[in-house]
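Work through the exercises below with the sequence and the model open beside you. Each task is followed by a solution that goes step by step.

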Amino acid sequence: MSRTNEPERVRSRVLVTGVVQGVGFRPFVYALARELGLSGEVGNTPAGVVAEVEGSDAAVAAFARRVLSDAPPLAVVSTVTEEYVSPVGGTEFVILDSTGGPGRTLVAPDVATCADCLAEFADPSDRRYRHPFISCTNCGPRFTIITGLPYDRPATTMAGFPLCPDCAREYADPDDRRFHAQPIACPACGPRLQLVQPGLETEYDEDALAVAHGLLVNGGILAVKGLGGFHLVCDAGDQAVVTTLRKRKDRGDKPFAVMAADLDAARRIAWIDAAEEELLTGIQHPIVLLRRKAGAAVAEAVAPGNPDLGVMLPYTPIHQLLFDQPGPCVLVMTSGNLSGEPIVTDDDEALSRLVGLADAWLGHDRPIHVPCDDSVVRIVDKIELPVRRSRGYAPFPIDLPVPVRPALAVGGDLKNTFCLGDGQYAWLSAHVGDMDDLATLEAFERAEQHLEELTGVRPEVLVTDKHPSYRSRQWAQLNAAGRPVIGVQHHHAHVASVMAEHRHQGDVIGFAFDGTGYGDDGAVWGGEVLLADYDGFERVAHLKYVPLPGGDAGVRNPCRMALSHLWAAGLAWDPRLPSVRACAKAELQLLWAQLERDIACAPTSSMGRLFDAVSSLAGVCHRAGYEAQAAIELEGLASEDRGAYEFAITGEEIDPAPVLAGVVRDVLAGVEPGVVSARFHRALAEVMVTLAERVRAGRGLSTVALSGGVFVNRVLLSATTAALAAAGFTVLRHRRVPATDAGLALGQLAVAARVRS
C-alpha cells in the first residue's frame with residue numbers, strides 16, 4: 001500500500017517552565033499527547049517539564065499551544081520553548097522518571113484541600129473516609145514538605161511512608177488524579193494522628209480526635225499541627241479560655257485569628273462581600289480581615305478594641321475533623337509560639353516550647369521541613385491587599401521588570417521576609433518574624449538555605465537596609481564571605497517594592513508612609529514623598545520633624561507621642577485632653593523635661609507616629625500593646641463624616657500643626673472620635689493629592705506609588721486612591737506583596753541587584 005499520502009512526521013522537544021511540578025502536569029501532558037495522537041515522552045527535570053512529542057505538524061503545533069492554554073488548575077506556566085529534533089518513530093507516549101542536573105523549576109505553595117478530596121473524605125464508602133491526610137495532585141502540602149528537587153516523593157517528608165498497593169497503583173496510573181501526587185497516602189500507609197496529654201497515655205487516630213473534641217468543648221487549649229506549623233486552638237466564643245490563652249501567650253491586645261467551620265459560620269460573625277468570599281474559599285484559604293458583625297458570638301478577648309476579625313476556613317482535613325462533632329463552630333487559631341518567637345514545627349519541640357501554653361498536643365508523624373505561617377489579606381476596593389504573604393503564596397515568584405544578578409535581599413527587622421533573585425524572577429520567603437531573638441535568626445538562616453536549594457540561586461551579592469543596628473544587616477555582614485553587601489535606604493526600598501510588583505519602569509512620585517525607617521540624615525523617617533526610580537531617589541517632601549521621646553518608649557506610648565506633637569506645634573497640654581489625662585503628673589514632668597532639654601529625643605518624620613498622636617488625642621489608644629494598635633483602632637472608628645482638617649506645606653515640610661489644632665478643637669468640643677478619625681484621614685488624602693500635583697507641575701510625572709505600613713489602612717488607601725485617580729494620576733498600590741516591611745526585600749533587590757544594560 002502506498003504511504004505517500006501520509007502527513008510528514010515531526011518531533012519537537014518542548015520545555016515548560018513555571019510551577020509545573022507536583023501539580024499534575026505530567027499526566028496532563030500524557031493525556032494531551034494521547035488525545036492528539038502523538039508519540040514521545042515526558043519527564044521532570046530541574047529545568048522544568050520536558051516533553052518530546054512526535055506526529056503531524058498540526059498536532060505538534062496544537063500540543064505546544066494547549067500546554068499553555070489548558071494547564072492543570074495549580075500549574076502556572078511561565079514559558080514554553082520548542083526545539084525541533086529528528087523523528088525517531090514509535091507509537092507510544094511514556095512518562096519518564098525524574099532526572100537531576102542543572103536548571104530551575106518553581107515549587108508550588110501549599111494549598112487547601114480540593115472539592116474532590118473533600119467529597120471522598122465525607123463518603124463512608126470511600127477508603128479515605130475521614131482520612132486526616134487526604135490530598136491529590138490538585139491540593140495539599142508542597143512547599144512545607146519538599147526537601148529537594150526534582151519534586152518526587154523521596155525528596156519530601158513523605159519519603160518515610162512506603163506506599164501500600166492501592167496507593168501505589170494510583171500513584172503509577174497517569175489517568176488517576178493522584179498520579180505522582182507526592183503526599184499521597186491512605187489510612188493503611190500514611191501518617192497517623194496522635195494526641196499527647198501530660199500524665200496520660202498517648203491516643204491515636206479517632207481516639208485522639210475524640211479527646212481533642214472533648215478538650216475544646218470543655219474550655220481547653222489545644223496545640224494542633226497544621227501544614228506549616230502548630231496552632232494554638234480554643235473555643236472563640238469562650239471569653240475565659242480566650243483570656244487564658246492571651247495571658248499564656250503573652251499576646252497583649254493583639255488580635256487572634258479565628259477559623260470558622262464553614263462559610264455559613266463565617267457569615268454569622270462577619271460581613272463578607274463577593275471578593276472576600278472568593279478569597280476565603282480559594283485555593284490559598286488565607287486569613288481574611290473582615291468587619292465584625294454586631295453581636296457576633298465571638299469573645300471580646302479575641303480582638304479587643306478592633307472592629308475587624310481575621311477569619312479563615314478549614315484548609316486541611318485535620319481542621320475539618322475539628323468541626324465534625326457538636327461543639328464550637330468558631331475556633332481561635334493562632335500561631336503556636338510565644339509572641340515574637342518563630343512558629344513551632346517539630347513534634348518534640350512543641351512538647352517543650354508550648355508547655356504552659358497548651359493543655360494537649362494533637363500532632364502527627366509527617367515532618368514539616370520548613371515553617372510557613374498563615375497568610376493574612378484584606379480587600380480594599382475589591383482589590384486584594386496582602387498583609388502577610390506566606391502559606392498558599394510562598395514560594396511562588398514575582399516576575400521582575402528588569403533582570404537581576406543572583407542576589408539575596410535580607411529585608412528588615414520587623415515582619416521579616418527575605419528575597420532571592422536571579423534573572424527575571426524574585427522569590428520572597430514565607431513570613432519569618434521579628435528579628436529580635438536567636439530563635440528567629442536561626443529560623444531565618446534555615447529558611448534561606450532551603451529557598452536557595454529550591455531555587456538554585458547562589459547569591460553573588462547581599463542587600464540590606466541601611467540601618468546600622470538591624471540584625472538582618474548584621475547577619476548579612478557576618479555571612480557575606482567576601483561578597484559585596486549593599487545598603488538600600490528603607491523608604492526607597494518601599495517605593496521600589498510596589499514598582500517592581502507592577503513591573504513598572506521609570507520615575508514615580510512615591511509616598512512611603514510607615515512607622516520607622518533609618519533616614520540618610522540619621523533621623524527616623526516615615527512620612528516621605530520621594531521622586532524615585534530604581535537608580536535612586538530625591539526626597540521632595542516629608543512630614544515635619546518632631547521629637548520621638550525615648551525611642552521605643554515613645555512608640556509604645558501613643559500618649560507621649562501626642563504630647564510631643566503638641567509641644568512641637570506650640571499647642572498647650574490642656575488637662576482636659578485625653579492624652580494629658582492618660583499620663584500621671586510625674587510622667588508629664590519627665591516628658592516635658594525631655595522635650596525642653598532634647599534628652600533622648602530623636603527627630604522623626606514618621607507618619608505612623610502621627611497616627612499614634614491623633615489616636616491618643618481623640619481618646620482612642622494611649623498605650624500600645626502591639627505594633628500599630630493605636631492607628632488600627634483609630635481607623636476602625638472612622639465615620640462617614642465628609643469634613644477634613646488641613647495640613648500646611650512649607651517648602652519641603654508637611655506641617656501637621658493645623659491638623660493637630662483642629663483635632664484639639666474638636667476633642668475639647670466633644671466631637672466623637674469617629675468623626676475626628678474621618679477628618680484626619682481625609683486631610684491626609686487631600687494633602688497627598690496637593691503634593692502629587694506640585695511634583696507633576698514641576699517634573700511632569702503622573703504615576704504615584706504608595707507603600708509602607710500606613711497603607712494597610714483601608715480607609716486611607718481607598719480615599720487616597722480615589723482622590724489621586726480623580727486628579728488624573730495612575731496609582732500603583734500593593735496587590736501581590738505586603739505594603740509593610742514584609743515587602744521590603746523585593747524593593748531592596750530591585751534597587752541593588754539590577755543588571756544594567
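**Exercise 1: the second largest cavity**

The residues that line the second largest cavity divide into five nonpolar, seven polar and one charged, where Ala, Val, Leu, Ile, Met, Phe, Trp, Tyr, Cys and Pro count as nonpolar, Asp, Glu, Lys and Arg as charged, and the others, Gly among them, as polar. This is a predicted model in which local features need pLDDT of at least 70 and side-chain atom pairs count only at pLDDT 80 or more, while totals for chains, interfaces and linings use all residues. Residues are numbered from 1 along each chain as its sequence is written, and side-chain values use heavy atoms, with hydrogens and water left out.

Task: Which elements give two or more residues to the lining of the second largest cavity?

Solution. Begin with the lining itself, which consists of 13 residues, with G22, G24, F25, R26 and H180 nearest the centre of the cavity. The elements that contribute two or more residues to this lining are β1 (9-21) and α1 (25-35), helices (H or I, at least four residues) and strands (E, at least two) being DSSP runs numbered from the N terminus. Of the elements, α1 gives the most, with three residues.

**Exercise 2: the surroundings of E52**

Task: Is E52 buried or exposed, and which side chain does a polar contact of 2.8 Å join to that of E52?

Solution. Locate E52 in strand β3, which covers residues 48-56. E52 has a relative accessible area of 18% and is therefore buried, since buried means under 20% relative accessible area, exposed over 50%, and partly exposed in between (1.4 Å probe, protein chains only). The polar contact of 2.8 Å links the side chain of E52 to that of R11; such a contact is a pair of N or O atoms within 3.5 Å, and within protein one must be able to donate a hydrogen and the other to accept it, while residues adjacent in sequence count only if both atoms are side-chain atoms.

Note on methods
On a 1 Å grid over the protein atoms alone, a cavity is a set of points where a 1.4 Å probe fits but cannot get out, and a pocket is an open set with protein on both sides within 12 Å along at least five of seven lines; lining residues have an atom within 4 Å of a point.
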